[in-house]
Amino acid sequence: MSAPSSKTLADLRGRWKLNKSLSADVASILALQGTSRLIRSAIGSASVTLTISQPNENEYSIKQTATAAAIPGTTEQYILDNEWRTNKDPFFGEVKGRSRWIDLDEGNAMEDSNERWKDSDGGRLIVAEGGSTDGHWEATRVWGFKELDGQRRWIQSVHVWNKEGEDFRGKMVYDFDSEGN
């Protein structure tokens, strides 16, 4: 389902479902991040839902759940102040991350395709950078809205790389599900 016009980066509150048919292969991203084949397989067959709450436009709490029985959910906090923070993640261990607002030009400079950000939230995008604290992998995600197959979609453009020199770029496309938690 397309994102309603009322949904912007300043207000992503609600439930969003990963559209696997329009998104990159999640297993490829997880492999670069060192997750086991069993976890990659389970997540690959699961439905993934993000439940987002926001106290204000610069703070996001994103609870990620998967329908596979043995996969624990995770909650990530994003504060758009460009400050590095660390936390313990159930899949990746100790991770670091930071996030901030960027303009369209900076977002487009991070893209490695002809799919450019055009007008997302009055010329603003969000970039989230992070990785494992041991330096095994790093990732950059640019968040915004794009027209895809004639529908407005919330997209995270993903770039993941690891110390072995492996590199992956793709996009995660989310369908708006509901306003409620």
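**Figure 1. N82 sits in the loop between strand 4 (74-79) and strand 5 (85-89).** Strands here are DSSP runs of E with at least two residues, helices are runs of H or I with at least four residues, and both are numbered from the N terminus. The model is predicted: local features need pLDDT of at least 70, side-chain atom pairs count only at pLDDT 80 or more, and totals for chains, interfaces and linings use all residues. Residues are numbered from 1 along each chain as its sequence is written, and side-chain values use heavy atoms, with hydrogens and water left out. N82 is not a glycine, yet its phi is positive, at about 65 degrees. The relative accessibility of N82 is 30%, so this residue counts as partly exposed. Buried means under 20% relative accessible area, exposed means over 50%, and partly exposed lies in between (1.4 Å probe, protein chains only).

**Figure 2. D149 lies in the loop between strand 8 (137-148) and strand 9 (151-162).** What is the phi of D149 near? The value is near 55 degrees, which is positive in a residue other than glycine. D149 has a relative accessible area of 62% and is therefore exposed.

**Figure 3. Strand 1 (residues 14-18) has a covered face and an uncovered one.** G14, W16 and L18 make up the covered face of strand 1, while R15 and K17 make up the uncovered face. Strand 1 is joined by four bridges to strand 2 (residues 48-56), and the two run antiparallel. Four bridges also join strand 1 to strand 10 (residues 167-178), again in an antiparallel arrangement. Two strands pair if DSSP finds at least two bridges between them. Which residues stand opposite W16? In strand 2 the residue opposite W16 is L50, and in strand 10 it is F176.

Figure 4. The C-alpha atoms fill a box of roughly 40 × 35 × 35 Å, taken along the principal axes. Of the 181 residues, 45% count as buried. Among contacts with a separation of 6 or more, 53% come from residues 24 or more positions apart; a contact means heavy atoms within 4.5 Å.
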